Amino acid sequence: MKKENIIEEYFEYRDKIGDRTGLYRMVAKKYSITSALYPGSHIDIAPSLVIPQVRYVDNFRGAIKFFTNIDKIKKHIDENSEYEEACDIAFIGQDYTGELNIAPVDLIISQFAGFVGQATKKYLKTGGILLCNDSHGDATLAKFDQDFAFIGVVGTHHRIINTKLNDYFVLPRNKEVDLTKVKEKMKGPTYALTAENYIFRKIR
Ligand SMILES: C[S@@+](CC[C@H](N)C(=O)[O-])C[C@H]1O[C@@H](n2cnc3c(N)ncnc32)[C@H](O)[C@@H]1O
């Protein structure tokens with residue numbers, strides 16, 4: 001149900017997906033992130049609580065409508081953010097595979113929204129971070145992409161783990177990962193060891 005109060009609508013969405021503020025906080029702190037791009041964000045505005053400049057992109061009608069209330073969203077973020085300056089939020093209501101008029105960012109967030117890392121890595125600074133899950137196979141594509149180095153996973157209580165990384169993205173009986181199938185099915189393979197989120201650094 002769409003709410004009169006736009007922030008209530010966000011709270012309802014947050015209840016559904018779980019509060020990711022802790023996840024974004026931990027990643028922002030660890031990698032000194034001050035700017036981010038969130039393609040396929042829907043209305044998950046939690047990054048703005050911990051990252052001063054965030055660009056959200058989504059082409060879903062409901063998300064476009066939500067972000068027409070940008071002043072109310074900014075007011076809520078300014079009242080609750082964990083940094084000193086005023087928030088800098090912009091929403092782009094289009095397909096993220098199209099050209100985006102944005103400056104390179106420190107972080108790209110990819111959550112349940114297709115091959116975000118592949119489509120938007122050109123907007124990530126070299127040395128920047130891709131935070132993604134493997135729900136649609138985006139983490140798998142990053143793992144096998146020479147532009148990215150796999151540097152960590154996010155464990156329980158948002159702890160960033162960077163040990164034993166060779167144990168991830170391994171299929172049972174060491175079967176080879178079929179990237180064509182991942183792209184076709186838009187689904188991450190069932191690995192022997194998984195994490196909710198994976199962290200990559202853009203290295204070139
Ligand atoms: C399952 S929702 C996930 C939303 C949010 N990332 C989250 O985790 O709560 C996927 C979102 O990605 C958006 N999306 C998927 N493909 C897109 C594309 N090519 N361009 C823009 N938005 C896209 C959809 O409109 C939808 O809002």
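These legends accompany close-up views of a predicted model.

**View 1**
Asp58 has an N or O atom in its side chain that is 2.6 Å from an oxygen atom of the ligand.

**View 2. Gly93 and Thr97 in the loop between E3 and E4.**
Gly93 is found in the loop between E3 and strand E4, which spans residues 105-110, and Thr97 lies in the loop between E3 and E4 as well. How accessible is Gly93? Its relative accessibility is 43%, so Gly93 counts as partly exposed, a class that lies between the limits of 20% and 50%. Thr97 counts as exposed because its relative accessibility is 54%, and the class of exposed residues begins over 50%. Leaving aside its neighbours within four places in sequence, Gly93 is in contact with Asp58, Asn59 and Ile64. The C-alpha atoms of Gly93 and Tyr56 are separated by 8.3 Å, with the two residues 37 residues apart along the chain. Between the C-alpha atoms of Thr97 and Ile6, which are 91 residues apart along the chain, the separation is 27 Å.

**View 3. Helix H5 and its two sides.**
Helix H5 covers residues 70-80, and within it Ile73, His76 and Ile77 are buried. Why can these buried residues be said to line one face of the helix? Seen down the axis of H5, the buried residues fall within an arc of 95 degrees, so they line one face. As a general rule, an α-helix has 3.6 residues a turn, so residues three or four places apart point the same way. The buried residues of H5 pack against helix H1 (6-17), helix H3 (47-50), helix H4 (61-66) and strand E3 (88-92). On the face of H5 turned away from this buried side, the exposed residues Asp71, Lys75 and Glu79 are found.

**View 4. Arg55 in strand E2.**
Arg55 has its place in strand E2, which runs over residues 53-57. Is Arg55 buried or exposed? Arg55 counts as buried because its relative accessibility is 15%, and the limit for a buried residue is under 20%. Not counting residues up to four places away in sequence, Arg55 touches Ala36, Leu37, Tyr38, Asp88, Ile89, Ala90 and Ile102.

**View 5. Asp106 in strand E4.**
Asp106 is found in strand E4 and counts as buried because its relative accessibility is 12%. With which side chain does the side chain of Asp106 make a polar contact? The partner is the side chain of Lys125, at 2.7 Å. Leaving aside neighbours within four places in sequence, the residues in contact with Asp106 include Ser32, Ile33, Thr34 and Ser35, and also Leu124, Lys125, Gly128 and Ile129.

**View 6. Helix H2 and residues with a positive phi.**
Helix H2 spans residues 21-30, and its buried residues are Thr21, Gly22, Leu23, Tyr24, Val27 and Ala28. Just after H2, Ser32 takes a positive phi of about 50 degrees. His42, found in the loop between strand E1 (35-39) and H3, has a phi near 50 degrees, a positive value in a residue other than glycine. His42 counts as partly exposed because its relative accessibility is 22%. Phe112, in the loop between E4 and helix H6 (116-120), has a positive phi of about 55 degrees although it is not a glycine. With a relative accessible area of 48%, Phe112 is partly exposed.

Key:
Residues are numbered from 1 along each chain as its sequence is written. This is a predicted model: local features need pLDDT of at least 70, side-chain atom pairs count only at pLDDT 80 or more; totals for chains, interfaces and linings use all residues. Side-chain values use heavy atoms; hydrogens and water are left out. Helices (H or I, at least four residues) and strands (E, at least two) are DSSP runs, numbered from the N terminus. Buried means under 20% relative accessible area, exposed over 50%, partly exposed in between (1.4 Å probe, protein chains only). Contact means heavy atoms within 4.5 Å. A polar contact is a pair of N or O atoms within 3.5 Å; within protein, one must be able to donate a hydrogen and the other to accept it, and residues adjacent in sequence count only if both atoms are side-chain atoms. The arc is that of the directions from the helix axis to the C-beta atoms.
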